[in-house]
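Welcome, and please take a moment to look over the sequence and the 3D structure.

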Amino acid sequence: MKFVTFAGLSCLAWSLVAPVHAQVADMGKTLHTYFEAPESGFDPAKYSDHYSGEVNSSIFESLLAYDYLARPQTLVPRLAELPQILDDGKTFIFKIKPGIYFADDAAFKGKKREVTAQDVVYTIQRIVDPNSRGAPWDFMFKGKVIGLDAKIEAAKNKPFDFDKPIEGLKALDRYTFQIKLLRPDYNMPYIMAAPATGIVAREVIEAYGEESEAHPVGTGPYMLKSWQRRNRIVLVANPNYRGHQYKPATGNGIQIDQTVAKQLEGKTFPRIGTIDIRVIETPQASWLSFLNGQLDTHPRLGYNYARLIAPENALTGKYLSLGWRYFREAEADITYYMFNMDDKVVGGYALEKVALRRAIAFSYNQAKELSIIRNNQGLAAQSPLAPQINGYDPNFRNVLGRYSPSRGNALLDMFGYKDCDKDGWRELPGCKPLKITYMTSTGADGRDQEELLLKGFNAIGIKLDIEKMNFSDLLKNRQGGTYQFAGGAWGQDYPDAENFMQLLYGPNAGPVNESRFRNKDFDKLYDQIAAEPPSEARNERLRQMSRIVAAYVPWIYNINRIRTHIAHPWVSGYKPHPDNMPHWYFLDIDAAKQRAGTSK
Amino acid sequence: MTQQASYGFWRAAGKRLWADKLARVCMAILAIYFAMAVASGLGWIAADWNEEVGVSYANPSFLGEDYPNPQGKNSMISQEVLVIDDKQKAVDPLAPYYAEIEQRAAAYEQEELKPSWTLPLGGDKWGRDILAKVIQAGEVSITVGVAAAALAVLVGTLLGAIGGYFGGKLGDLLEWFYNIFTSVPYILLVLAFAAVFGKGISTVILVLGFTGWTGTYRLIRSEYIKQRGRDYVMAANAIGASHARKMFVHILPNVSHLILVQLSQLVVDFIKAEVILSFLGLGVPTDAVSWGIMINEVMPELVLGKWWQLAAVATVMSTFVVAFGLFTDLLRDALDPKASRR
């Protein structure tokens, strides 16, 4: 009943600010979906795991957003209009739309709370505040904003001073926010669209303190209703939400999915009252839940199930007749093996070290990884970049990448890796023992990958030791540089090549550049691409960077994953987005069909 | 009848066992398994199980080549060979060596064997022969299961006999040790042992053996407490038999049926426990295979409709487990003359 009253009030508010045909979500409609791994907490500054981000993206709003249906990914206004860019990409001015209110919360003491430029200043400072659980997202602003690093430095042993004004972050007036950078960064608008930069209210954060992750209060379409940690999350529609109508972005080369656009036409979102999310970690369990209608959408189907329902990239047989909505796209991510370039055995830039890594790269059978382990649900990665992002060239090939143990053996012979003691395994030049340790985590079912690696190493006569540990220890070793050879994966934070190339940038050597690759030419090119907008010249620089990486082999590329997402026919408006966020508020459900479908 | 009375205890038990047809069948089956395990261990059979002799998921011979196998077709696709362009050469420190690499590589080139489309029991995802794989896996699993169970039963029986027979301070000490041992969660205990012993198949045996003795210990201890006051032990005492003789010659045969039941249970338990250890990365190494590993592999295969690995490993493993269980059961009956005969 409460909702009816709220609805009445918010209808009134909407009619004043926006001429949209206001509608409220139908509280009788529930969307059932799942997470394949548990969430951590719903405070965008404190947690960087993907699944917390999915929830945060529905509760909080960033200044900008990606158009839901436009490909390539296109920025559109959300809390603010698209920014004004000054000083060749060093200054950005965002105009916040007036009349946008946070969800009601006790911390606001019964008053409606409007979003202002000061909230943006606060939100960004919180992201770099080390007290935000070590500030996992600080790389988005650290070292970039004028005056911000001095504040971070000062916060090392006392609380962060949010009130001291700095040159880089300013509220010019109630609705105008300005960010000033040390050097041009055309990715700043993308960063202001990341879920991590969802705007929070200072009163709420300060009222709940350590508990902020369980009390998310944002301006977005949904609010947290209940939360059983690592098990079930229930979101309900936010009655204060202004309502959103989808208007496709326009521009050069932008493509819109017309089928879904038709489904969205004329509707005011959100339409679904409740989002019910379960954590289901076993692919088989989530697949069976979807089959019997307990889940309405199933993003990221397991490889085998993806293969089962659509072996030739289209639904077949009985799955076709079920009328499922089906999507298969390359995800903006890459998996790779990395060497620790500081390691005495596999690292270094001497010819014989390059030769060793190249020989190992020759022993890795990328085609088999793709066809056998991944069931062809991927693309053979050719560069450190991923599809769906600026600067990715689908025609670029890693010409040095080739599965050829015989060439690997030849290289090792030439550079003195000989089997001195005739035990069947090669030794280092000078007959010192050679053994390479591959570090991996126990949780992931990586035996297939290990078998493939081992086969390759055996074929070139190098002894490989596999060391298993839990994931957090693995991460610690990788970030701390106490490993030789390990696997890695990266997904986009924002759709630009810079977000991937930073993983190999010399000055980032450490927790970000885990392979600790340092190359003068690469770094010089990186400095250039980080400070310029997309262009063909920049793409060529990116290709050149990929060539350098291919030559020195700090990474052996594996694949860019292709994911399959399905939804039942009663769910409309469903389309996976390359930003990997769920965009639940564009979905709608035909409740009668849903009931019929689940009772079968 | 007088003749039979002159048989020794073990000989009589052996005779009773041999008289049972089911026991003979079980023994024959187990003999085949152990013979296979030994032959595979010596490298006479299944030595090349790790070779990719077929295409991915090669069909079992009885299904024939024409049974659809899209995975097999995929696995035949080889990587395209690209020309190294000038831009790449310019940044490659190894560019001056290209010609030499090609020349030396030629010596390593082997004639590619054409992978087969069918294999006797089909192929796994890499195109390895399931028949060879299941034999090789049997060697590992039987070795692990039997050796670890033997070790656990040995430790459990020894400590249980000492604790039950002597009782008193020594018994209390062993009880105390047992309590501490069982108060540690099983998985933690296993991990602690594994960390000490390192990796490999022998580690799995030691870990399972040294952590799995506690049940046997309790059982044997209580049995010794019961038996030590019996008349026959008193009689042995009266003729001056030593402690060791009373414990192991007089009492042990009377509790041997319990030991054998324990043994058979533990073999099966340990074959299963090995799967968990392998999952945690402490079990059989990547270049070895066991029944547990094979079972682990089949779940995604079934989704693709590839049932032959499951069929092979399930048949082989259940036959072994059932034969082993029946055999120990019959052995128990044979060793206990008072047990009812059917």
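Helices (H or I, at least four residues) and strands (E, at least two) are DSSP runs, numbered from the N terminus. This is a predicted model, in which local features need pLDDT of at least 70 and side-chain atom pairs count only at pLDDT 80 or more, while totals for chains, interfaces and linings use all residues. Residues are numbered from 1 along each chain as its sequence is written, chains are lettered from A and ligands numbered from 1 in the order in which they are written, and side-chain values use heavy atoms, with hydrogens and water left out.

- Most residues other than glycine have a negative phi, and most peptide bonds are trans.
- A:Phe269 and A:Pro270 are joined by a cis peptide bond with omega near 5°, and A:Pro270 sits in the loop between β13 (268–269) and β14 (272–279) of chain A.
- Another cis bond links A:Arg71 to A:Pro72, with omega about 0°; A:Pro72 belongs to the loop between β3 (70–71) and β4 (75–77) of chain A.
- A:Lys109 is not a glycine, yet its phi is positive, at about 55°. You can find A:Lys109 in the loop between β6 (91–95) and α3 (117–128) of chain A.

**Where the chains meet**

- In chain A, 53 residues are in contact (heavy atoms within 4.5 Å) with 50 residues of chain B.
- The two chains bury about 4,600 Å² between them, 57% of it on carbon and sulfur atoms; buried area is the accessible area (1.4 Å probe) that two parts lose on being put together, summed over both.
- A:Val399, A:Met414 and A:Arg447 supply 15% of the area that chain A buries against chain B, more than any other three residues.
- Between chain A and chain B there are 8 salt bridges, each a side-chain nitrogen of Lys or Arg within 4 Å of a carboxyl oxygen of Asp or Glu. A:Arg358 pairs in this way with B:Asp92, and their closest N and O atoms are 2.8 Å apart.
- Several elements of chain A give two or more residues to the side that touches chain B, among them α11 (351–363), α14 (447–459) and α18 (536–552).
- That side of chain A is made up of 22 nonpolar, 13 polar and 18 charged residues. Here Ala, Val, Leu, Ile, Met, Phe, Trp, Tyr, Cys and Pro count as nonpolar, Asp, Glu, Lys and Arg as charged, and the others, Gly among them, as polar.

**Enclosed spaces**

- The whole structure holds 5 cavities of 30 Å³ or more. On a 1 Å grid over the protein atoms alone, a cavity is a set of points where a 1.4 Å probe fits but cannot get out, and lining residues have an atom within 4 Å of a point. Grid points are joined across faces, edges and corners, and a volume is the space filled by probe spheres set on the points.
- The largest cavity has about 240 Å³ of space. Its lining has 19 residues, and those nearest the centre are A:Ala361, A:Asn398, A:Gly401, A:Arg402 and A:Ile556.
- By class, 12 residues of this lining are nonpolar, 5 polar and 2 charged.
- The second largest cavity has about 160 Å³ of space. Among its 16 lining residues, A:Glu54, A:Pro299, A:Tyr574, A:Met581 and A:Pro582 are the closest to its centre.

**A link within chain A**

- A:Arg300 forms a salt bridge with A:Glu54, the closest N and O atoms lying 2.7 Å apart.
- A:Arg300 is in the loop between β15 (297–298) and α9 of chain A and A:Glu54 is in helix α2 (residues 50–59) of chain A, so the pair ties together parts that are 246 residues apart in sequence.

How values were computed: 1 Å grid on protein atoms, 1.4 Å probe; cavity = no way out; pocket = protein on both sides within 12 Å on 5 of 7 lines; lining within 4 Å.
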